[in-house]
Amino acid sequence: MRVLVLGAGFGGLELTTLLSDELGDDADIVLIDKADGFVFGFSKLDVMFGRTTPQAVRHPYRDLVKPGVRFVQTTIRSIDPVQRRVETEAGAFDADVMVVALGADLDPSATPGLAEAGHEFYTVDGAFAARDVLDSFDGGRVVIGVTSTPFKCPPAPSETALMLHDYLVARGLRGASEISLVMPLGAPIPPSPAASQALLAEFAERGISWHPDRLVRSLDPRRRVAILADGEEMPFDLFLGVPVHLVPAVVAQSGMCVDGWIPVNPLTLETACPDVYAVGDVTSVGTPKAGVFSERQASVVAGQLIARHGQSGGAPPYDGKGICYIEFGHDRVARVEVTFRSGEPPNGQFDEPSALLLADKAEFGTSRVQRWFGRDWASY
Ligand SMILES: Cc1cc2nc3c(=O)[nH]c(=O)nc-3n(C[C@H](O)[C@H](O)[C@H](O)COP(=O)(O)OP(=O)(O)OC[C@H]3O[C@@H](n4cnc5c(N)ncnc54)[C@H](O)[C@@H]3O)c2cc1C
C-alpha cells in the first residue's frame with residue numbers, strides 16, 4: 001500500500017510516525033512539505049515574547065529519518081483526488097491512499113490596512129518579526145484583534161494578552177500602556193465555562209479590556225484606528241492581528257472543499273473520494289483548529305491503514321477529544337480537556353493554572369520532537 005501524505009505539520013508528522021512505527025520497512029510512504037522544518041504554534045508566542053530564539057524552535061525535516069518514509073521538500077502545485085495524484089515542483093507522485101494534511105493558510109492581505117499599519121503574529125515569519133516590533137515598542141495602546149472565523153487555537157489571542165502584560169511589566173512599560181482584546185467568541189474558551197471565567201478574572205486583575213463577539217474588519221493606517229465589523233473604531237499605537245484563515249490555494253483548486261474547507265466523515269476522516277482522507281485544520285470536521293485535534297485525527301487514519309494492511313478488523317473511530325494547554329502568564333499554564341462530538345454540545349474539563357502544568361506543556365512538546373524527529377529538544 002503506497003501512502004501519500006500531503007503536509008508535514010501536526011497531522012502529517014503524527015500519521016507517518018505511527019505508520020512507520022507499526023509497519024517499519026513494509027510502509028511505503030511519501031511525505032511532502034514545502035517548508036524545511038516544523039514549528040509548533042505555541043513556539044511562535046515564545047519567540048515573540050523573547051523566551052527563546054527562532055533557531056531553537058525550528059525542527060528541520062532533514063532530521064526525519066524513519067523506516068518506510070521518504071520526505072520530499074517541495075511545493076504541491078495541484079491535487080487530483082480521484083487519481084490520488086499530485087503535481088509538485090519536484091515532479092508527480094501518486095499512491096493507493098492519499099491523506100491531505102495541508103493545514104490552514106493565512107491571508108493578511110484580506111484585511112485592509114493590516115499589512116501597512118499592523119502586525120500579524122500567526123505565521124512563523126510574522127510572529128518572529130513581532131519580536132523586533134515589541135522590542136522597539138515604548139508603550140501605548142495595544143489592540144490584539146481577530147479578523148475572521150474560524151481561527152487556529154482559539155485560546156492563543158487570550159494567551160497573547162496575558163503574555164504581553166507580563167512582557168510590558170518586565171520592561172517597565174505596563175503603566176504607560178493599555179491592552180484590549182477583540183474576539184469573535186462570546187467567551188474566551190466557549191466549551192469550558194470554568195476556563196473562560198478564570199481567563200476573564202485574570203484579564204480584570206491585569207486591566208486587560210475584553211471585547212467579546214466582535215471582529216476587526218480593517219485598519220485605517222492614516223488615523224491608526226481599528227474598524228470593527230459593527231463600525232466601532234478603536235485607536236491603537238500597536239495592532240497585533242490574527243489574519244483571515246483559508247485552505248491553501250492548491251486545496252481550494254482541487255474541488256474537494258465545501259464552504260471553504262474539506263468535509264470528512266467525522267468518525268473516519270474519509271473524504272468524498274475513495275481512499276482519500278483529510279485531517280486537521282484543512283477540514284470542517286467540527287473541532288477547533290488546533291494541533292492536538294489534527295494529531296488525534298491522524299492517529300484514527302493510521303489505525304485504519306494499519307488494520308487494512310494487516311487485513312485485520314476495524315480501528316477505533318474518532319472521538320473528538322483534545323487537551324489544550326493555556327498560558328496564563330506569571331509562569332503558569334492551565335489545561336482544558338475538551339470533547340467535540342457531532343450532535344452533542346462540546347464539553348471541557350478545566351485544570352487551574354500552575355507551575356506543574358508548565359512542566360506538562362514542556363513534556364507535550366519534547367515528547368513530540370522525540371517521537372517525530374528522534375532527538376531531544378534540549379533547549380526547550
Ligand atoms: C500562535 C499560535 C499558537 C498555537 N498554539 C497551539 C497549542 O498550544 N496547541 C495546539 O494544539 N495548537 C496550537 N496552535 C494551532 C496549531 O499550530 C495548528 O492548528 C496545527 O499546526 C494544525 O496542524 P495541521 O497538521 O492540520 O496543519 P499544519 O501543522 O499547519 O501543517 C500543514 C503543512 O502543510 C504544508 N503546506 C501547505 N501548503 C503546501 C503546499 N502547497 N505544498 C507543500 N506543503 C504545503 C505547510 O508547510 C505545513 O507544514 C497554535 C497556532 C498559533 C498560530
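How do the residues of the lining of the second largest pocket divide into nonpolar, polar and charged? They divide into four nonpolar, two polar and six charged, where Ala, Val, Leu, Ile, Met, Phe, Trp, Tyr, Cys and Pro count as nonpolar, Asp, Glu, Lys and Arg as charged, and the others, Gly among them, as polar. The model is predicted, so that local features need pLDDT of at least 70 and side-chain atom pairs count only at pLDDT 80 or more, whereas totals for chains, interfaces and linings use all residues. Residues are numbered from 1 along each chain as its sequence is written, and side-chain values use heavy atoms, with hydrogens and water left out.

The second largest pocket holds about 240 Å³ of space, and its lining includes Glu14, Glu295, Arg296, Lys321, Glu337 and Arg368. Pockets and cavities were located on a 1 Å grid over the protein atoms alone, a cavity being a set of points where a 1.4 Å probe fits but cannot get out, and a pocket an open set with protein on both sides within 12 Å along at least five of seven lines; lining residues have an atom within 4 Å of a point. Grid points are joined across faces, edges and corners, and a volume is the space filled by probe spheres set on the points. At least two lining residues of this pocket come from each of α9, β21 (321-329) and α10 (355-373), with helices (H or I, at least four residues) and strands (E, at least two) taken as DSSP runs numbered from the N terminus.

Around the ligand stand 28 residues, of which Gly11, Asp33, Ile76, Asp281 and Val292 come nearest, a residue being near if one of its heavy atoms lies within 4 Å. By class, this shell has 13 nonpolar, ten polar and five charged residues, and its largest share, four residues, comes from α2. A polar side-chain atom of Asp33 lies 2.6 Å from an oxygen atom of the ligand, while an N or O atom in the side chain of Asp281 is 2.8 Å from a ligand oxygen atom.

Two cavities of 30 Å³ or more were counted. The largest cavity, with a volume of about 50 Å³, has Asp281 and Ala290 among its lining residues, and its lining divides into four nonpolar, six polar and two charged residues. The second largest cavity contains about 40 Å³ of space; Met1, Leu19 and His309 are among the residues that line this cavity.

Methods:
Polar contact = N/O pair within 3.5 Å; in protein donor to acceptor, adjacent residues only side chain to side chain.
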